[in-house]
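Q: I would like a close look at one part of this structure, followed by an account of what lies around that part. Please keep it plain, and name the residues as you go.

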There are 4 protein chains.
Amino acid sequence: MPSERALGVAVVGTGKMGADHVRRLRHRISGARVRAVVDIEAERAKTLADAIEGCAAYTEPAAAMAARDVDAVLIASPGPAHEAALLEALDRDLPVLCEKPLTPDAASALRVLDAEQKLGHRRVQVGFMRRYDAEYMKLKRLLGKGELGRTLMLHHRHRNPAMPEWFTEEMLINDSVVHEMDVTRWLLDQEITAVTVHKPASTSNAPAGMSDPQFVLFETESGALVDVEIFGHCGFGYQVQAEAVCERGIVRMDDEHGPRLTTADGRWGGRVTPDYLERFEDAYDREVQAWVDATRRGETTGPSVWDGYAAAAVCEAGVLSQREGRRVEVDLIERPAFYQ
Amino acid sequence: MPSERALGVAVVGTGKMGADHVRRLRHRISGARVRAVVDIEAERAKTLADAIEGCAAYTEPAAAMAARDVDAVLIASPGPAHEAALLEALDRDLPVLCEKPLTPDAASALRVLDAEQKLGHRRVQVGFMRRYDAEYMKLKRLLGKGELGRTLMLHHRHRNPAMPEWFTEEMLINDSVVHEMDVTRWLLDQEITAVTVHKPASTSNAPAGMSDPQFVLFETESGALVDVEIFGHCGFGYQVQAEAVCERGIVRMDDEHGPRLTTADGRWGGRVTPDYLERFEDAYDREVQAWVDATRRGETTGPSVWDGYAAAAVCEAGVLSQREGRRVEVDLIERPAFYQ
Amino acid sequence: MPSERALGVAVVGTGKMGADHVRRLRHRISGARVRAVVDIEAERAKTLADAIEGCAAYTEPAAAMAARDVDAVLIASPGPAHEAALLEALDRDLPVLCEKPLTPDAASALRVLDAEQKLGHRRVQVGFMRRYDAEYMKLKRLLGKGELGRTLMLHHRHRNPAMPEWFTEEMLINDSVVHEMDVTRWLLDQEITAVTVHKPASTSNAPAGMSDPQFVLFETESGALVDVEIFGHCGFGYQVQAEAVCERGIVRMDDEHGPRLTTADGRWGGRVTPDYLERFEDAYDREVQAWVDATRRGETTGPSVWDGYAAAAVCEAGVLSQREGRRVEVDLIERPAFYQ
Amino acid sequence: MPSERALGVAVVGTGKMGADHVRRLRHRISGARVRAVVDIEAERAKTLADAIEGCAAYTEPAAAMAARDVDAVLIASPGPAHEAALLEALDRDLPVLCEKPLTPDAASALRVLDAEQKLGHRRVQVGFMRRYDAEYMKLKRLLGKGELGRTLMLHHRHRNPAMPEWFTEEMLINDSVVHEMDVTRWLLDQEITAVTVHKPASTSNAPAGMSDPQFVLFETESGALVDVEIFGHCGFGYQVQAEAVCERGIVRMDDEHGPRLTTADGRWGGRVTPDYLERFEDAYDREVQAWVDATRRGETTGPSVWDGYAAAAVCEAGVLSQREGRRVEVDLIERPAFYQ
């Protein structure tokens, strides 16, 4: 495509994340235009499309992808709908930014992996947006320099004030810890080999039947030990922290941003961001901009289908460990040369 | 202009700031296109324009402004060239984003003020980009809520690792402290009434004849006392801090961003950003995006010509205090109703 | 004893800790006098005693305890020598401050437990000095207030720059993690029920054959999950941190003490204390002062023989887990009413 | 005196500070005994003395100093009573620890200076206890190393939640800022040469007629510029901070001690100590212990009469600047060789 023409994007799914991406593409991202929005609820798609010049509404992803001015697809529909949309886009050789999870399980992820390999070039970027967060990027850079030696342990904290009603215990792994899985693989540049999930005493804020917080251990190829505190109903804010313990130093990412207030009750301190959209706003922008820029150059970069598949496989192991209370080894296919 | 067409921008001046704004408009800002670049060095303008599709090169601002596809002007030429370009743009009723300073002195700023009032609506936004910095914005929000009571004092720190060779002692006021002047006026929503410049013992890093650091006191209409440590050759990084002392609490903006490192020498801590482009990168983006968005809506928001004039008047008082070692009162014309 | 006469103390063991306690009793602690020093190396005891007015040297604890002006005993000899000295002191009904460990294993600790119960009142305080550290004391106070709800998890970090040559892998548990064991029991006011030791990739700073760092999980009676990073050769300083994750808030003890330095390389930060004597200097002082004060009032307070026994039992489980790589349940006798 | 006998101390004045020192000497300080307490209110002195074994009550300092078992004097009476007690003690060649101020004005301080010089050796230590605070000590050490180059500026913050009713505006200088005066002289090892007091808008928490906060500038012999924010009614806690701006780095002493709390309202942070006794408890202990130890060795160390005189002279200049709103030069006699 001519590099100076704006990239025509079809956004599949217009829920919370989809709508936020539409807003982002229109007002924050340089070089893109929203040309199609897709939702199984026709009315919702139409209302949204009507407010955007040159944008049409669809109920079927395939129809949107067939539109003349659609150059690329951003998938933000529910996870179970991803596989069909991904295969359709690969069939048409269209670049895709697919919100995580790639697909809900390892088996379906493998089918996407196969399809992309048959196509012969990368077209899918998975939406692991923490790789675009300024702080994680600095952490990666510090670890990559080699000055700190090998990383021996990673300590992660992942806290949410509360979860929506429909959020299940398995989603603590599949929707929340999946971020630490990807970040761990990316920071250490190696695969996760085993998972153990521990269940401490549960907060009374958690819904009946959900054990929360949970404490997850990952083992990696090099023997690094990674722990993740996932706390879905901590009550106070959205807190994402990471600490890398290396042979020659320690790096910590914390939450001391913004102004420090000292108030009439004698306390000093700051404020924890209330949710992930505020905390990672810039990361989402950077992610989508990077995808638009790469796509306009005719390339696909960022987290790959392999990364999406690996996350699905580790999640499966995690959910099994959560269910059976034991250490579970992760079973990955051999990494195709295509994704080396 | 039709709101969906990209805003055609002429960038006047292609030095460090101008080139950075061209890059920003092309790759970070949504809804704008660089249609013209202007530089008195014809070759430099042409080289830059040739790399951009649909962009022409000029040596005269007026010629660029006359081009059919130019909707707005971003002025980033040296200060002494601003007045002519501003008057030309106002004459053509073109929206302008003008890098600070508005003009080099209060008298010329007043001429711009008059021209805009004659035009009858705001068209000029001055480039005080700290108003778009996330931390200053939070500070402003906290002070504006009223919960902290009146602001009694502001403590500012403004440190640079080193200044270019051609940087003079007066520029410590006119180019550096001018930011604290504007931020003070904006945070407190009132004018500065007097300035005193103190000269402590000077660092041996300063060039011969320059007293550095300096310590500047502002008094404001409400009697708030504001101190600014300006340090041009502190040797280690670019540090911008602010602390508001209020009746019912204190707010501090500090430099604890990014990862915290503990290293083999037993030290823990972080890193100071090396320069203002890194520290305020997001603020510049937000500023230009806000200008593009407002312009496409047919509005002018952000720092006004009055803000540019007030800064020029306070700078004049500051340079006089610096030179004569005494407190100097600031002499402002009465604020026109047009800028209320 | 008359409350205004200084407490006559016999110090058993004159190695690093013993000599430090002698110095402390002489120059920091109010109301105590060192009347006897005991060491199996007669020469070392004599040299030390000669420098102190009114102090005699002994090679046998029993002989020192028999001296007319000895009112109390501070035991700082190696762990295997503790049992005999403790039983001797209990036999004479003398108050004891016994450096940790109480004894090297649970069986011998139980014999001391029996002896004190037969005596019928508490006479032994175990040297878990973290209970006297200002920061742990504040942490305990915060947790005790109840405002934060139940404690669900504790995250501990315990890092040393390096260990002496003779330090074994088992000592990582018995001499280092034993502090986190006691602090956990004290903060949560409950027993530890199981221990699992994990061994991540090891630092190349560790001596051959030692796995370092290790990552220890405790489970407690209420189901709280406690993790401890013990790192014996982290290379840079002595770092002790703790974070309590509660139902209604989180408390963190960190290492941001003392001045913050910004230096010519653009880094800001502080310094990690190099060893435990500097980090816990005030805690040792407070501990010994509390013991002297209580003893002069005729009481025994502070960590009890039960606390020493419980630590020994948890250590045994920890060493077993370390050796066999599995979760080990802790086997405690029922707590005697005497120690309720 | 024989070094193993406890130092017999007479405490003059049994108000808040005097009673606190009696408690300190009895329960925290090694090697001292309170042998006499003096108060013009006979009943108060007697009640206190009766509770201490071997301690007598007096209404006259001279009578207490004449007692057989009194080796040294701690003066904690109101400032106007200091001169007489100091001269009496010097006349008897008794070591003195004198709470600040040495005397209420420069003229009376000079008389004490003369008396001590006539005696021919130092006997008076002034109670500037910040010199014994762990953080100021580290700051002094860092500045003294020379690695940071010359100190160009010092920024001090000194905030109190509120002042007692009888506290006057002059006392902001004489009782509060006097600490920053001494600390400045001590850190920089030079005299203060001029003082300017600025009065910003005043908090509505201040009593009628008192301007609070105030902002004080010191100039020093080397040209360093020192600013002090003194805020008597800041409303929230006792906050003492200092920042040294040097040629090759910056050191900051802040208030991030103790545990960091994140609570259900989404705020993280710590707590400001409520008063100076809590903030400087260890400093007071260290100061009195140092005095007792030096006195038992037959020496006088710590802040001298010269330091007390210099503070009095700077305070006089400060009060004059406060009253007349102008810069006032400090007039010091030439420093006697005795105090070099």
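Which strands does β13 of chain D pair with, and are its two faces covered or open?

A: The model is a predicted one, and every value below is computed from it. Strand β13 of chain D covers residues 260–263. In a regular strand the side chains alternate between the two faces of the sheet. In this strand, R260(D) and T262(D) point to one side, while L261(D) and T263(D) point to the other. All four are buried, and both faces of the strand are therefore covered. Buried here means a relative accessible area under 20%.

The partners of β13(D) come from two chains. One is strand β12 of chain C, residues 249–253, which is joined to β13(D) by four bridges and runs antiparallel to it. Within this pair, V251(C) stands opposite L261(D). The other partner is strand β14 of chain D, residues 267–271, which pairs with β13(D) over two bridges, again in the antiparallel sense. Here L261(D) has G269(D) as its bridge partner.

β13(D) and β14(D) form a hairpin with three residues between the strands. G266(D), in this hairpin, takes a positive phi near 80°.

Chain D also has an open sheet of six strands. Its order is β3-β2-β1-β4-β5-β6, and the pairing is parallel. At the edges stand β3 (56–58) and β6 (124–127) of chain D; each has a single partner strand, so one side of each is left without a neighbour in the sheet. From one strand to the next the twist averages 25°. Inside this sheet, β1(D), residues 7–12, and β4(D), residues 72–75, run parallel and are joined by four bridges. One residue pair in this stretch is A10(D) with V73(D) as its bridge partner in β4(D). Helix α4 of chain D, residues 82–91, lies across β4, β5 (96–99) and β6 of chain D, and runs at about 170° to β5(D).

Chain B has an open sheet of six strands with the order β3-β2-β1-β4-β5-β6, and its pairing is parallel. Its edge strands, β3 (56–58) and β6 (124–127) of chain B, each pair on one side only. The twist averages 25° from one strand to the next. β5(B), residues 96–99, pairs with β6(B) in the parallel sense over four bridges. In that pair, V96(B) has V124(B) as its bridge partner in β6(B). Helix α4 of chain B, residues 82–91, lies across β4 (72–75), β5 and β6 of chain B, at about 170° to β5(B). Helix α9 of chain B, residues 281–296, also packs on this sheet. α9(B) touches β1 (7–12), β2 (32–38), β4, β5 and β6 of chain B, and its direction makes about 155° with that of β5(B).

T151(B) is found in strand β7 of chain B, residues 151–159. T151(B) is buried, because its relative accessible area is 13% and the cut-off is 20%. Leaving aside residues up to four places away in sequence, T151(B) touches L143(B), L188(B), A224(B), A244(B), V245(B) and C246(B).

Last comes the way the chains are arranged. Two copies of a chain are related by a rotation about an axis and a shift along it. Chain C can be laid on chain A by a turn of 179° and a shift of 0.0 Å along the axis, with an RMSD of 0.1 Å. These two copies are thus related as by a two-fold rotation axis. For chain B laid on chain D, the turn is 180°, the shift along the axis is 0.0 Å and the RMSD is 0.0 Å.

In the contact of chain C with chain A, 36 residues come from chain C and 36 residues from chain A. Of the interface residues of chain C, 100% are also interface residues in chain A, so the copies meet through the same surface. In the same way, 100% of the interface residues of chain B are also interface residues in chain D, so those copies too meet through the same surface. Chain C and chain A bury about 2,700 Å² between them, and 55% of this is on carbon and sulfur atoms. Six salt bridges are found across this interface. R252(C) forms a salt bridge with D254(A), and their closest N and O atoms are 3.1 Å apart.

Terms used: Residues are numbered from 1 along each chain as its sequence is written. Chains are lettered from A and ligands numbered from 1 in the order in which they are written. This is a predicted model: local features need pLDDT of at least 70, side-chain atom pairs count only at pLDDT 80 or more; totals for chains, interfaces and linings use all residues. Side-chain values use heavy atoms; hydrogens and water are left out. Copies are superposed by least squares on the C-alpha atoms of residues with pLDDT of at least 70 in both. Contact means heavy atoms within 4.5 Å. Buried means under 20% relative accessible area, exposed over 50%, partly exposed in between (1.4 Å probe, protein chains only). Two strands pair if DSSP finds at least two bridges between them. Axes are lines fitted to C-alpha atoms, for helices over the stretch in contact, and angles run from 0 to 180 degrees between N-to-C directions. Buried area is the accessible area (1.4 Å probe) that two parts lose on being put together, summed over both. A salt bridge is a side-chain nitrogen of Lys or Arg within 4 Å of a carboxyl oxygen of Asp or Glu.
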